Amino acid sequence: MTLRKLQSRYLGIANDDDDIAIPADAEVDPRLILPPRKVRMKEKVNATFVTLARNEELYGLLTSINHIEDRFNRKFHYDWVFFNDVPFSEEFIQMTSAVVSGKAFYEVIPKEHWSFPEWINPDEARASIEKMKNKNGRTESYRHMCRFESGFFWQQPIMDKYDWYWRVEPNIEIYCDINYDVFKYMQDNNKVYGFTIAFHEFRNTIPTLWKSTQEFLDHHPEYIAEDNLQAFVSDNNGKTYNTCHFWTNFEIASLDFWRSQAYREYFDFLDHKGGFFWERWGDAPIHSIAASLFLQKDKIHFFEDIGYKHTAYRKCPLELTYRASHHCACDPERDWTYRSPCGKKYFKAMGIPLPQAALDLLERDKKAKEAKNKAEKEAKEKEASEKEASEKAEKEAKENAEKEAKEKAE
Ligand SMILES: Nc1nc2c(ncn2[C@@H]2O[C@H](COP(=O)(O)OP(=O)(O)OP(=O)(O)O)[C@@H](O)[C@H]2O)c(=O)[nH]1
Ligand SMILES: [Mg+2]
């Protein structure tokens, strides 16, 4: 065995440096072997992980960080920026910095980026939030979160030194080894925005978001990219929004996109409409509409190879050989990517066919549904015929008893 072989087998790193022979009797734990430092450093790009979280989410977040580190970052050592609207606790800092293999930074969000702006009356906004509370409106802090993720995280001075970020939330899982530098991939392939799962938004949380977007674009038609991905967000050539969005709890993207004049002005325009507070505009639809309209579609990348779980939804690579060679710990039958109507829409809008494995999965779903419907229909028919037979038998028994009684009486 050689070091190169071990690395490529266990870490998936192709190491071009001189290979090192490892004696057959050496006790080597391959998981402890890291690629040589100079290989790691020269390949790195300016990137960071970024997480907004509360102190009380520490333990769910440690799960996420451990997943990312085990599957990816222990090979690359990218930094991690943590944001919070209140100071991080000592425990939070100690525990997270112990598991992040790059540098960890802890930032308190300035008040002006986590409060009602001057054009929003707080009392009226709070009354409106209260009214929507049970209709997916969530809480006041949730509104600040959506506004921060839409317009402010990339404006924080700590982010200035980075070109790329990967957004991570508490309680996520990464199912497969990631053996290449995803940030470098984005950079080398001229990608801007990367996602894993696409979803529908609750329509009642964004009633005027599309109208506001159209109004903005009427003033700035120059921001609409040629060959964009509008068909992902609109089924009728831009008349209405179909509510499809990239799920932003996972994002690997360029910070320069949010820093662009187009996005800055778009966010500012939306912010002044007050939709974060009068409705419940989320960062996911806003990011997705911007990416779909302001970018050429080939700048958007679907990370088909990253196994990912957030809440009950998961993305599991379907190919058996891929899953085996990347040590995936997920059940492909539970993959949501291609079952999601918005996932399918993405492929259609890109003009690319669904992978064969996805078509097979959907075919199995169809057959399973047909079999279920058939079984239900048969069960109903059986129940009806049994009921009919028992009613008939009851009727006959009654008639016989009446007949007997009559004969006795005679
Ligand atoms: N510091 C801080 N972080 C928050 C707050 N609200 C949400 N977050 C973080 O913002 C991100 C999104 O919040 P979630 O509550 O997960 O929102 P969501 O992803 O739309 O909802 P789920 O689908 O339920 O996960 C997560 O990383 C949270 O930890 C808050 O009030 N303060
Ligand atoms: Mg979440």
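1. A quick term to start with: helices (H or I, at least four residues) and strands (E, at least two) are DSSP runs, numbered from the N terminus. Please keep in mind that the model is predicted.

2. Staying with Asn-190, its phi is near 55°, a positive value in a residue other than glycine. Asn-190 counts as exposed because 11 other C-beta atoms lie within 10 Å, and the cut-off for exposed is 12 or fewer.

3. You will find Arg-138 in the loop between helix H5 (122-137) and H6. Arg-138 has 16 C-beta neighbours inside 10 Å and so counts as partly exposed.

4. On to ligand 1, which has 13 residues around it. The closest are Ala-53, Asn-84, Ser-141, Met-145 and Glu-169. Helix H6 (residues 140-151) gives the largest share of this shell, three residues. Sorted by class, the shell has five nonpolar, four polar and four charged residues.

5. Helix H8 (residues 209-219) contains Glu-215. This residue is partly exposed because it has 13 C-beta neighbours inside 10 Å. Glu-215 and Phe-269 are 54 residues apart in sequence, with 9.4 Å between their C-alpha atoms.

6. Finally, the overall picture. The protein has 16 helices and 12 strands, and 31% of its 410 residues count as buried. Among contacts with a separation of 6 or more, 77% join residues 24 or more positions apart.

Methods
Residues are numbered from 1 along each chain as its sequence is written. Chains are lettered from A and ligands numbered from 1 in the order in which they are written. This is a predicted model: local features need pLDDT of at least 70, side-chain atom pairs count only at pLDDT 80 or more; totals for chains, interfaces and linings use all residues. A residue is near a molecule or strand if its C-beta atom, placed from the backbone, lies within 6 Å of it. Ala, Val, Leu, Ile, Met, Phe, Trp, Tyr, Cys and Pro count as nonpolar, Asp, Glu, Lys and Arg as charged, and the others, Gly among them, as polar. A residue is buried if 20 or more other C-beta atoms lie within 10 Å of its own, exposed if 12 or fewer, and partly exposed in between; C-beta atoms are placed from the backbone. Two residues are in contact if their C-beta atoms, placed from the backbone, lie within 7 Å.
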